[in-house]
Amino acid sequence: DFGSAKSLFVLHHGAGHSALSWTATAYHLKERMQVHNMAVIALDARGHGHSRASDESDFSSDRLAKDFISIVDACMEDTAIEKLVLVGHSLGGAVVVRSALDRKWKELKGIVVMDVVEGTALAGLSDMKGILALRPVRFASPDDAVKWTMETKSSRSLQSYKVSVPSQLRQTEKGDYIWRTDLYSTSKYWEEWFKDMSKSFLSVPAGKLLMLAGTDRLDKELTVAQMQGKFQLQVVGDSGHQIMEDHPEVTANALIAFWDRSCNVFIPKPLVKKGSGTG
(Lines give C-alpha, C1' and ligand atoms only; values in the text may rest on other atoms or scores of the structure.)
Protein backbone atom coordinates (compact mmCIF):
# COMPACT_ATOMS: atom_id res chain seq x y z
CA ASP A 1 0.00 0.00 0.00
CA PHE A 2 1.68 3.20 -1.18
CA GLY A 3 -1.00 5.44 0.31
CA SER A 4 -1.10 8.83 -1.38
CA ALA A 5 2.40 8.55 -2.88
CA LYS A 6 2.65 10.11 -6.34
CA SER A 7 6.10 8.81 -7.28
CA LEU A 8 7.50 5.28 -7.18
CA PHE A 9 11.06 3.95 -7.37
CA VAL A 10 11.36 0.26 -8.31
CA LEU A 11 14.80 -1.25 -7.60
CA HIS A 12 16.17 -4.36 -9.35
CA HIS A 13 19.35 -6.05 -8.04
CA GLY A 14 22.15 -7.72 -10.00
CA ALA A 15 22.78 -11.41 -10.69
CA GLY A 16 23.27 -13.47 -7.55
CA HIS A 17 22.16 -10.69 -5.24
CA SER A 18 18.76 -9.80 -3.79
CA ALA A 19 16.39 -6.99 -2.86
CA LEU A 20 18.32 -6.59 0.39
CA SER A 21 21.27 -5.26 -1.61
CA TRP A 22 19.27 -2.01 -1.64
CA THR A 23 18.63 -1.89 2.13
CA ALA A 24 21.09 0.86 3.00
CA THR A 25 20.12 2.98 -0.01
CA ALA A 26 16.42 2.50 0.74
CA TYR A 27 17.06 3.65 4.31
CA HIS A 28 18.40 6.97 3.04
CA LEU A 29 15.60 7.26 0.48
CA LYS A 30 13.05 6.68 3.24
CA GLU A 31 14.25 9.81 5.01
CA ARG A 32 13.02 11.81 2.02
CA MET A 33 9.91 9.82 1.07
CA GLN A 34 7.31 11.84 2.95
CA VAL A 35 8.85 15.15 1.95
CA HIS A 36 8.71 14.21 -1.73
CA ASN A 37 5.51 12.12 -1.54
CA MET A 38 7.18 9.02 -2.94
CA ALA A 39 7.43 5.28 -2.33
CA VAL A 40 10.23 2.74 -2.87
CA ILE A 41 10.10 -1.00 -3.54
CA ALA A 42 12.91 -3.50 -4.17
CA LEU A 43 12.26 -6.99 -5.52
CA ASP A 44 13.84 -10.44 -5.53
CA ALA A 45 14.19 -11.65 -9.12
CA ARG A 46 13.38 -15.20 -10.19
CA GLY A 47 15.80 -17.66 -8.58
CA HIS A 48 17.12 -15.05 -6.15
CA GLY A 49 16.55 -14.15 -2.51
CA HIS A 50 13.18 -15.23 -1.16
CA SER A 51 11.41 -15.45 -4.53
CA ARG A 52 9.80 -18.70 -5.62
CA ALA A 53 8.92 -19.68 -9.20
CA SER A 54 7.79 -22.86 -10.91
CA ASP A 55 10.81 -22.65 -13.22
CA GLU A 56 13.89 -21.18 -11.57
CA SER A 57 16.18 -22.20 -14.42
CA ASP A 58 14.88 -19.70 -16.99
CA PHE A 59 17.01 -16.57 -16.74
CA SER A 60 16.43 -15.41 -20.31
CA SER A 61 16.12 -11.68 -20.94
CA ASP A 62 12.55 -12.19 -22.09
CA ARG A 63 11.54 -14.09 -18.94
CA LEU A 64 13.21 -11.65 -16.55
CA ALA A 65 11.63 -8.67 -18.30
CA LYS A 66 8.17 -10.26 -18.19
CA ASP A 67 8.62 -10.97 -14.47
CA PHE A 68 9.65 -7.38 -13.82
CA ILE A 69 6.81 -5.93 -15.88
CA SER A 70 4.28 -8.07 -14.01
CA ILE A 71 5.61 -6.88 -10.66
CA VAL A 72 5.61 -3.21 -11.64
CA ASP A 73 2.12 -3.47 -13.11
CA ALA A 74 0.88 -5.08 -9.89
CA CYS A 75 2.51 -2.31 -7.83
CA MET A 76 0.94 0.41 -9.97
CA GLU A 77 -2.59 -1.01 -9.93
CA ASP A 78 -5.15 1.03 -7.99
CA THR A 79 -2.59 3.56 -6.77
CA ALA A 80 -2.13 7.30 -7.12
CA ILE A 81 1.32 6.83 -8.72
CA GLU A 82 1.90 9.35 -11.51
CA LYS A 83 5.68 9.22 -11.79
CA LEU A 84 7.68 6.01 -12.15
CA VAL A 85 11.48 5.63 -11.94
CA LEU A 86 13.13 2.25 -12.62
CA VAL A 87 16.55 1.51 -11.15
CA GLY A 88 18.67 -1.51 -12.02
CA HIS A 89 22.12 -2.63 -10.92
CA SER A 90 24.26 -4.74 -13.28
CA LEU A 91 21.93 -7.45 -14.67
CA GLY A 92 19.08 -5.46 -13.14
CA GLY A 93 20.08 -2.55 -15.35
CA ALA A 94 19.65 -4.69 -18.46
CA VAL A 95 16.26 -5.89 -17.18
CA VAL A 96 14.85 -2.42 -16.50
CA VAL A 97 16.01 -1.16 -19.91
CA ARG A 98 14.38 -4.10 -21.71
CA SER A 99 11.21 -3.74 -19.63
CA ALA A 100 10.93 0.00 -20.26
CA LEU A 101 11.05 -0.55 -24.02
CA ASP A 102 8.65 -3.51 -23.95
CA ARG A 103 6.01 -2.07 -21.63
CA LYS A 104 6.18 1.70 -22.28
CA TRP A 105 4.50 2.82 -19.06
CA LYS A 106 2.91 6.23 -19.53
CA GLU A 107 4.01 7.08 -15.97
CA LEU A 108 7.69 6.32 -16.69
CA LYS A 109 9.80 9.40 -16.07
CA GLY A 110 13.26 7.93 -15.81
CA ILE A 111 15.54 4.89 -15.68
CA VAL A 112 18.78 4.52 -13.76
CA VAL A 113 21.39 1.93 -14.75
CA MET A 114 24.14 1.21 -12.24
CA ASP A 115 27.64 0.03 -13.06
CA VAL A 116 26.96 -1.93 -16.22
CA VAL A 117 27.88 -1.01 -19.79
CA GLU A 118 27.39 -3.27 -22.79
CA GLY A 119 30.91 -3.09 -24.17
CA THR A 120 32.77 -3.81 -20.95
CA ALA A 121 30.18 -6.36 -19.81
CA LEU A 122 30.49 -8.41 -22.99
CA ALA A 123 34.27 -8.10 -22.97
CA GLY A 124 34.39 -9.42 -19.42
CA LEU A 125 32.23 -12.50 -19.97
CA SER A 126 35.20 -14.66 -20.90
CA ASP A 127 36.61 -14.14 -17.40
CA MET A 128 33.38 -14.70 -15.49
CA LYS A 129 33.62 -18.48 -15.05
CA GLY A 130 37.14 -18.08 -13.72
CA ILE A 131 35.95 -15.46 -11.24
CA LEU A 132 33.10 -17.71 -10.10
CA ALA A 133 35.51 -20.60 -9.66
CA LEU A 134 37.34 -18.59 -7.00
CA ARG A 135 34.23 -18.33 -4.84
CA PRO A 136 33.85 -20.79 -1.96
CA VAL A 137 31.13 -23.34 -2.65
CA ARG A 138 30.04 -23.67 0.98
CA PHE A 139 30.13 -21.70 4.21
CA ALA A 140 29.74 -22.89 7.77
CA SER A 141 27.56 -19.88 8.55
CA PRO A 142 26.22 -16.65 7.02
CA ASP A 143 28.80 -14.75 9.09
CA ASP A 144 31.58 -16.64 7.29
CA ALA A 145 30.07 -15.59 3.96
CA VAL A 146 29.94 -11.96 5.10
CA LYS A 147 33.58 -12.15 6.19
CA TRP A 148 34.63 -13.64 2.84
CA THR A 149 32.71 -10.94 0.97
CA MET A 150 34.34 -8.16 2.95
CA GLU A 151 37.82 -9.59 2.43
CA THR A 152 37.49 -10.17 -1.30
CA LYS A 153 35.50 -7.08 -2.31
CA SER A 154 37.16 -4.61 0.07
CA SER A 155 33.68 -3.36 0.89
CA ARG A 156 33.23 0.03 2.49
CA SER A 157 30.04 -0.99 4.26
CA LEU A 158 30.11 -3.91 6.69
CA GLN A 159 26.60 -3.12 7.91
CA SER A 160 25.16 -3.34 4.41
CA TYR A 161 26.78 -6.70 3.69
CA LYS A 162 25.64 -8.10 7.03
CA VAL A 163 22.09 -7.58 5.76
CA SER A 164 22.45 -8.49 2.08
CA VAL A 165 24.85 -11.45 2.01
CA PRO A 166 22.72 -13.90 4.08
CA SER A 167 19.87 -13.42 1.57
CA GLN A 168 22.20 -14.71 -1.15
CA LEU A 169 22.54 -18.07 0.63
CA ARG A 170 20.39 -21.08 1.39
CA GLN A 171 20.89 -23.67 4.08
CA THR A 172 21.40 -27.31 3.08
CA GLU A 173 20.12 -30.41 4.86
CA LYS A 174 23.59 -30.80 6.36
CA GLY A 175 23.28 -27.42 8.03
CA ASP A 176 25.91 -25.53 6.01
CA TYR A 177 25.20 -22.78 3.48
CA ILE A 178 25.53 -22.58 -0.30
CA TRP A 179 24.73 -19.84 -2.79
CA ARG A 180 21.00 -19.35 -3.39
CA THR A 181 21.58 -18.70 -7.10
CA ASP A 182 23.69 -21.01 -9.25
CA LEU A 183 25.39 -18.42 -11.41
CA TYR A 184 27.15 -21.13 -13.46
CA SER A 185 23.75 -22.26 -14.71
CA THR A 186 22.98 -18.76 -15.99
CA SER A 187 26.06 -18.61 -18.24
CA LYS A 188 24.12 -19.47 -21.41
CA TYR A 189 22.17 -16.25 -20.94
CA TRP A 190 25.04 -13.88 -20.18
CA GLU A 191 25.56 -12.60 -23.73
CA GLU A 192 21.87 -11.97 -24.41
CA TRP A 193 21.53 -10.03 -21.16
CA PHE A 194 23.87 -7.31 -22.36
CA LYS A 195 23.81 -7.49 -26.17
CA ASP A 196 22.53 -4.21 -27.69
CA MET A 197 22.04 -2.75 -24.22
CA SER A 198 23.68 0.60 -25.04
CA LYS A 199 21.39 1.20 -28.01
CA SER A 200 18.35 0.12 -26.00
CA PHE A 201 19.29 2.35 -23.07
CA LEU A 202 19.57 5.38 -25.33
CA SER A 203 16.21 4.51 -26.94
CA VAL A 204 14.17 4.61 -23.73
CA PRO A 205 11.76 7.58 -24.00
CA ALA A 206 12.47 8.94 -20.53
CA GLY A 207 15.20 10.57 -18.49
CA LYS A 208 18.34 8.46 -18.24
CA LEU A 209 21.06 8.26 -15.60
CA LEU A 210 24.11 6.01 -15.73
CA MET A 211 25.99 5.59 -12.45
CA LEU A 212 29.45 4.05 -12.68
CA ALA A 213 32.29 3.21 -10.33
CA GLY A 214 34.76 4.51 -12.92
CA THR A 215 34.82 6.22 -16.34
CA ASP A 216 36.90 3.34 -17.73
CA ARG A 217 33.65 1.35 -17.84
CA LEU A 218 32.18 3.51 -20.62
CA ASP A 219 32.14 1.91 -24.07
CA LYS A 220 32.50 3.88 -27.31
CA GLU A 221 28.78 4.20 -28.05
CA LEU A 222 27.96 5.58 -24.62
CA THR A 223 31.03 7.82 -24.59
CA VAL A 224 29.82 9.53 -27.76
CA ALA A 225 26.23 9.70 -26.51
CA GLN A 226 27.32 11.20 -23.20
CA MET A 227 29.28 13.91 -25.01
CA GLN A 228 26.09 14.66 -26.96
CA GLY A 229 24.12 15.02 -23.74
CA LYS A 230 21.81 12.06 -24.37
CA PHE A 231 21.96 10.86 -20.78
CA GLN A 232 23.26 11.93 -17.38
CA LEU A 233 26.43 10.35 -16.03
CA GLN A 234 27.56 10.17 -12.42
CA VAL A 235 30.81 8.54 -11.42
CA VAL A 236 31.04 7.37 -7.81
CA GLY A 237 34.67 7.28 -6.81
CA ASP A 238 36.25 4.92 -4.28
CA SER A 239 33.57 2.31 -4.93
CA GLY A 240 33.37 -1.30 -5.94
CA HIS A 241 30.76 -2.80 -8.26
CA GLN A 242 28.07 -2.66 -5.55
CA ILE A 243 27.80 1.13 -5.59
CA MET A 244 24.53 1.18 -3.67
CA GLU A 245 26.10 -0.82 -0.82
CA ASP A 246 29.50 0.87 -0.75
CA HIS A 247 28.00 4.38 -0.93
CA PRO A 248 24.29 4.19 -0.07
CA GLU A 249 23.84 7.83 0.89
CA VAL A 250 25.56 9.04 -2.28
CA THR A 251 23.34 6.67 -4.28
CA ALA A 252 20.18 7.89 -2.56
CA ASN A 253 21.12 11.54 -3.12
CA ALA A 254 21.81 10.84 -6.79
CA LEU A 255 18.44 9.11 -7.23
CA ILE A 256 16.57 11.96 -5.57
CA ALA A 257 18.38 14.56 -7.68
CA PHE A 258 17.64 12.56 -10.84
CA TRP A 259 13.98 12.20 -9.82
CA ASP A 260 13.77 15.94 -9.27
CA ARG A 261 15.22 16.71 -12.69
CA SER A 262 13.25 14.05 -14.58
CA CYS A 263 9.88 14.22 -12.83
CA ASN A 264 9.50 17.90 -12.10
CA VAL A 265 10.47 19.47 -15.39
CA PHE A 266 7.95 22.05 -16.53
CA ILE A 267 7.55 22.11 -20.31
CA PRO A 268 5.62 25.22 -21.35
CA LYS A 269 3.01 24.96 -24.07
CA PRO A 270 3.93 26.68 -27.34
CA LEU A 271 2.61 30.19 -27.64
CA VAL A 272 -0.11 30.75 -30.19
CA LYS A 273 -0.05 34.19 -31.79
CA LYS A 274 -3.30 36.03 -32.08
CA GLY A 275 -4.77 35.83 -35.53
CA SER A 276 -2.87 32.66 -36.38
CA GLY A 277 -5.95 30.46 -36.32
CA THR A 278 -7.02 28.58 -39.40
CA GLY A 279 -10.75 29.36 -39.08
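## Pockets, a helix pair and a salt bridge

The second largest pocket of this predicted model holds about 230 Å³ of space. Its lining is made by Leu-132, Arg-135, Pro-136, Val-137, Arg-170, Ile-178, Trp-179, Arg-180, Thr-181, Asp-182, Leu-183 and Tyr-184. By residue class, seven of these are nonpolar, one is polar and four are charged.

The largest pocket has a volume of about 1100 Å³. It is lined by 38 residues, and those nearest its centre are His-17, Ser-90, Met-128, Ile-131 and His-241. Three helices, α4 (118–133), α5 (142–153) and α7 (190–194), each contribute at least two residues to the lining of the largest pocket. Of the contributions to this lining, that of α4 is the greatest, at seven residues. The lining of the largest pocket comprises 19 nonpolar, 14 polar and five charged residues.

Two packed helices are described by the distance between their axes and the angle between them. For helix α2 (residues 61–76) and helix α3 (residues 91–103), the axes come within 9 Å and cross at roughly 70°. The two helices are therefore roughly perpendicular. On the α2 side, the contact is made by Ser-61, Asp-62, Leu-64, Ala-65, Phe-68, Ile-69 and Asp-73. On the α3 side, it is made by Leu-91, Val-95, Val-96, Arg-98, Ser-99, Asp-102 and Arg-103. The residues of the contact of α2 with α3 are divided into seven nonpolar, two polar and five charged.

Side chains of opposite charge can pair when their charged atoms come close. The structure contains eleven salt bridges. One of them joins Glu-82 to Lys-6, with 3.9 Å between the closest N and O atoms. This pair links distant parts of the chain, 76 residues apart. Glu-82 is in the loop between α2 and β3 (83–89), while Lys-6 is in the segment before β1 (7–12).

Phe-2 also belongs to the segment before β1. Beyond its neighbours within four places in sequence, Phe-2 is in contact with Leu-8, Ala-39, Cys-75 and Thr-79. Phe-2 and Gln-171 are separated by 169 residues in sequence and by 33 Å in space, C-alpha to C-alpha.

Note on methods:
Residues are numbered from 1 along each chain as its sequence is written. This is a predicted model: local features need pLDDT of at least 70, side-chain atom pairs count only at pLDDT 80 or more; totals for chains, interfaces and linings use all residues. Side-chain values use heavy atoms; hydrogens and water are left out. On a 1 Å grid over the protein atoms alone, a cavity is a set of points where a 1.4 Å probe fits but cannot get out, and a pocket is an open set with protein on both sides within 12 Å along at least five of seven lines; lining residues have an atom within 4 Å of a point. Grid points are joined across faces, edges and corners, and a volume is the space filled by probe spheres set on the points. Helices (H or I, at least four residues) and strands (E, at least two) are DSSP runs, numbered from the N terminus. Ala, Val, Leu, Ile, Met, Phe, Trp, Tyr, Cys and Pro count as nonpolar, Asp, Glu, Lys and Arg as charged, and the others, Gly among them, as polar. Axes are lines fitted to C-alpha atoms, for helices over the stretch in contact, and angles run from 0 to 180 degrees between N-to-C directions. Angles under 35 degrees count as roughly parallel, over 145 as roughly antiparallel, 65 to 115 as roughly perpendicular and the rest as oblique. Contact means heavy atoms within 4.5 Å. A salt bridge is a side-chain nitrogen of Lys or Arg within 4 Å of a carboxyl oxygen of Asp or Glu.
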